[in-house]
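I hope they are handy while you look at the model.

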Amino acid sequence: MEHKKRIEWIDLMKGICIILVVMHNGGALKQLENIDFFCTLVNVALMPLYFLLSGLFFKSYGSFPAFAARKFRLLLVPVIVFGPLGGMLLDCVPWTEWSLSRLCDPARWVVYWSSFVNVPLWFLRALFVGSLMMYGLRAMLTHGAAIAALMVLAASLGVYWFSACIPQLGEVERKMVMRCGLFQAAAMLPFLFAGCTIGSCGIAALKRSPRNMRMAAAACVVGAVVCASMPSGKVSWCMLVFELSPFSILAGFVAAAAMVWGMSFLIGRLPYVSYLGRYSIVVLVTHFPLIYALRASSGMGALAASLTVLAVMPAVVWACVRYIPWTCGLPSRPATPSVADVLK
């Protein structure tokens with residue numbers, strides 16, 4: 001049972017992000033007009049913002065083996081389970097002899113676990129590797145915070161510059177770069193590092209006082225203006241494509257994070273959105289195969305399929321947390337959520 005009081009604006013931030021992730025991965029945002037505003041928010045900021053939010057509550061949990069075992073359970077077990085489940089759903093809808101033979105191919109199971117069949121799982125692999133990196137950096141912080149920060153910056157910029165060489169690599173080398181999670185983790189490590197630093201300052205305990213509410217409103221407005229004025233350019237943390245400069249990426253992230261934080265801090269809680277944010281890992285590992293299985297089996301468009309999956313997602317969350325919590329990065333016996341919680 002969960003005894004800790006939830007920090008509502010953090011759940012809301014996660015909920016806003018995960019809904020945009022669902023819409024983006026489902027192809028729905030491409031069907032909307034005037035989506036340039038979302039370019040910075042979705043492509044530049046969403047995944048780094050999850051890294052930052054993960055860093056807010058970063059703990060070492062004692063020894064490194066204990067830490068690695070915990071992170072394996074929380075982050076890699078969902079990959080191990082939902083890689084094959086999502087891949088099977090995509091391969092076997094509609095169910096045909098071809099899809100059945102593909103399912104029985106052992107090589108296909110390797111693909112389920114190592115590639116981007118269930119695309120969003122790349123993030124959990126990267127967060128696992130980034131968490132291991134952060135464990136080592138935390139040990140360095142007591143001896144030289146400046147050195148640790150420089151190492152983080154060097155790793156991220158190194159991946160940025162290396163990304164231009166990826167198209168020239170051979171097929172095997174490209175697959176290794178994309179599938180191991182090391183390079184994505186290094187690229188986003190500054191955001192995990194920043195979250196850990198901010199968390200140590202007590203940001204999670206920030207009160208919703210009139211002064212802080214005014215600050216949040218200003219951050220929301222300024223962040224939205226900067227996001228709307230950002231130059232266009234493709235940024236993909238998953239595929240390591242960076243068409244914007246490091247300064248533009250950083251500025252876009254800060255602006256988008258300020259906007260989402262300001263909005264979330266002002267509102268505090270939106271039942272449906274906060275519910276999905278609270279169980280964002282469940283949404284992350286299930287939404288992609290559900291959307292594309294629905295599109296493949298019904299001919300539904302990207303926008304309609306994405307909205308349909310979002311509509312049923314509270315029930316999906318309830319089922320996963322109730323019956324298979326260990327597959328979603330949750331304790332073995334969490335407090336069982338109710339779909340009715342969404343309406344409270």
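Throughout, buried means under 20% relative accessible area, exposed means over 50%, and partly exposed means in between, with a 1.4 Å probe and protein chains only. This is a predicted model, in which local features need pLDDT of at least 70 and side-chain atom pairs count only at pLDDT 80 or more, while totals for chains, interfaces and linings use all residues. Residues are numbered from 1 along each chain as its sequence is written, and side-chain values use heavy atoms, with hydrogens and water left out.

1. Let me begin with helix α1. Helices (H or I, at least four residues) and strands (E, at least two) are DSSP runs, numbered from the N terminus. Of the 18 residues of α1, 15 are buried, so the helix is largely enclosed by the rest of the structure. Just after α1, Gly-27 has a positive phi of about 80°.

2. Next, the salt bridges (a side-chain nitrogen of Lys or Arg within 4 Å of a carboxyl oxygen of Asp or Glu). The whole structure has 3 of them. One joins Arg-6 to Asp-11, at 2.8 Å from N to O. Asp-11 is buried at 6% relative accessible area, whereas Arg-6 is partly exposed at 33%.

3. The pair I would look at next is Arg-108 and Asp-91, whose closest N and O atoms are 3.0 Å apart in a salt bridge. Arg-108 belongs to helix α5 (residues 106–114) and Asp-91 to helix α3 (residues 64–91), so the pair ties together parts that are 17 residues apart in sequence. Both Arg-108 and Asp-91 are buried.

4. Lys-175 and Glu-171 also form a salt bridge, with 3.3 Å between the closest N and O atoms. These two residues sit in helix α7 (residues 171–179), 4 residues apart, about one turn of the helix. Lys-175 is partly exposed, at 37% relative accessibility.

5. Please have a look at the backbone of Leu-240, where phi is near 55°, a positive value in a residue other than glycine. Most residues other than glycine have a negative phi. Leu-240 lies in the loop between β1 (235–236) and β2 (241–242), and is buried at 2% relative accessibility.

6. On cysteines, a disulfide is a pair of cysteine sulfur atoms within 2.5 Å, and the search of the whole structure finds 0. For Cys-92, the nearest cysteine sulfur is that of Cys-104, 8.7 Å away. Cys-92 is buried, with a relative accessible area of 8%. For Cys-196, the nearest cysteine sulfur belongs to Cys-201, at 9.9 Å. Cys-196 is buried too, at 7%.

7. Now the nonpolar core, meaning a set of buried Ala, Val, Leu, Ile, Met, Phe, Trp, Tyr and Cys residues joined through side-chain atoms within 4.5 Å. The largest one has 100 residues, and those touching the most other members are Trp-122, Phe-123, Trp-237, Leu-276 and Val-317. Helix α6 (residues 121–162) gives the largest share of this core, 15 residues. Contact means heavy atoms within 4.5 Å. Beyond its neighbours within four places in sequence, Trp-237 is in contact with residues including Asn-43, Pro-48, Trp-122, Met-188 and Phe-242.

8. Helix α9 (residues 210–228) has 19 residues and spans 27 Å from first C-alpha to last, close to the 27 Å expected. Its buried residues are Asn-212, Ala-216, Ala-219, Cys-220, Gly-223 and Cys-227. They cover an arc of only 105° around the axis, which puts them on the same side of α9; the arc is that of the directions from the helix axis to the C-beta atoms. Exposed residues on the other side of α9 include Arg-211, Arg-214, Val-221 and Val-225.

9. Which residues does Lys-71 contact, leaving aside its neighbours within four places in sequence? They are Leu-76, Phe-128 and Ser-131. Lys-71 is found in helix α3 and counts as buried, at 14% relative accessibility.

Key
Expected span 1.5 Å × (residues − 1).
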